Amino acid sequence: MINPHDAHRVAVVSKSSNIRESLANALPSNVVIVGVWPPSPAFMALLMDAAPSVVIFDTGACSHWQQIHALERMLRASPNPVKCVAINPPLSDSASPLPYSSVTNEQALADWLSNSIIQQNKHAKQVLILGASTGGPEVIQTFLEQCPPELDTPILLVQHLLPTFVPSFTTQLNQIGARHFEVVPGLSQLRKQSAWISPGDQHMILTDVSGTIYVQTTQTARVHNLRPALDTTLLSAANIPDLDVVAVVFSGFGKDGFKGAEAIKKAGGSVYVQDQGSSAAWGMPGAIAKAGLMDAVLPPKRLAQAVIQRLTRGD
């Protein structure tokens with residue numbers, strides 16, 4: 001039985017019923033077929049609804065490049081990243097309007113899919129969660145300045161701020177680091193290179209829908225009289241199977257993040273906290289450190305170095 005958390009969602013597009021059947025039969029066992037269709041005006045809407053992560057299209061069976069152009073427009077409009085692989089391409093890659101990988105037979109296709117799944121799973125199941133309160137904005141900026149552009153792990157940032165200050169803080173973050181932060185709009189897929197900050201007066205949580213992880217906001221009850229609360233975000237992440245969570249807790253009063261850190265450690269993730277000497281308030285990181293729930297206690301620049309090493313190592 002296929003575990004949906006390990007499955008790749010694949011759609012097959014070909015005019016030939018024989019090719020559609022042979023392609024479907026050649027796919028690895030950890031692939032879920034979400035649709036097998038001939039190219040036609042009707043299949044475009046069906047393909048969008050199926051939300052595949054990979055589209056296999058038989059360009060040799062497509063009678064007109066208009067169909068490839070239509071497929072290109074549809075895929076570029078998709079809210080989710082989609083990989084394309086062409087089997088039996090009739091023209092050179094440079095002649096195609098659609099960027100794709102090319103294979104020549106069903107076995108090569110199966111190998112390509114297996115490699116693609118391995119590469120996607122390496123990063124898609126990892127997230128970096130940052131949390132802070134009083135004294136947080138400055139040290140978070142110092143931390144992010146150390147993060148290299150090639151670090152593609154998604155980042156979630158929970159900073160205790162009034163709603164009116166969130167836009168200006170987001171602008172500051174986008175002026176100092178390689179990663180572009182956005183305020184969570186409500187519901188978005190967690191992707192590599194994404195960076196989200198919780199809006200004021202709303203919690204930010206992660207949810208798992210059939211193996212796809214989403215970040216969303218909610219106005220459930222305040223936690224520690226706070227909204228957003230770091231505990232809410234961390235607890236939601238700890239509940240997602242096979243998600244590698246790395247949490248960093250910076251300066252702040254109180255104990256927000258303590259229960260979440262406990263859950264992250266229990267789930268096999270890692271927790272790093274800012275040291276007392278560099279913290280404006282050592283309540284949040286101190287509570288975790290005193291309970292021994294952390295992997296390291298360090299100042300911001302050294303925290304960044306340790307966390308980057310951990311994310312690259314992946315365990």
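**β13 and its partners.** I started with β13 and β14, which run parallel and are joined by four bridges. Strands here are DSSP runs of E with at least two residues, helices are runs of H or I with at least four, and both are numbered from the N terminus. I took two strands as paired if DSSP finds at least two bridges between them. Val 246 has Ser 270 in β14 as its bridge partner. I then looked at β6 (residues 126-132), which pairs with β13 in the parallel sense over six bridges. There, Val 127 is bridged to Val 245 of β13.

**A note on the model.** This is a predicted model, where local features need pLDDT of at least 70 and side-chain atom pairs count only at pLDDT 80 or more, while totals for chains, interfaces and linings use all residues. Residues are numbered from 1 along each chain as its sequence is written, and side-chain values use heavy atoms, with hydrogens and water left out.

**How enclosed is β13?** I checked burial next, with buried meaning under 20% relative accessible area, exposed over 50% and partly exposed in between (1.4 Å probe, protein chains only). Six of the six residues of β13 are buried, so the strand is largely enclosed by the rest of the structure. In a regular strand, side chains alternate between the two faces of the sheet. For β13 I found Asp 244, Val 246 and Val 248 buried on one side, and Val 245, Ala 247 and Val 249 buried on the other.

**Over to α8.** β13, α8 and β14 form a right-handed β-α-β unit; with the strands pointing away from the viewer, the path from the first strand over the helix to the second runs clockwise. Within α8 (residues 258-266), I noted Phe 258, Gly 260, Ala 261 and Ile 264 as buried. They lie on the same side of α8 because they cover an arc of only 160 degrees around the axis, taken from the directions from the helix axis to the C-beta atoms. Lys 259 and Lys 266 are exposed on the other side.

Which elements cover the buried residues of α8? I found that they include α7 (230-238), β13 (244-249), β14 (270-274) and α9 (283-290), with contact meaning heavy atoms within 4.5 Å. Just after α8, Gly 268 has a positive phi of about 100 degrees.
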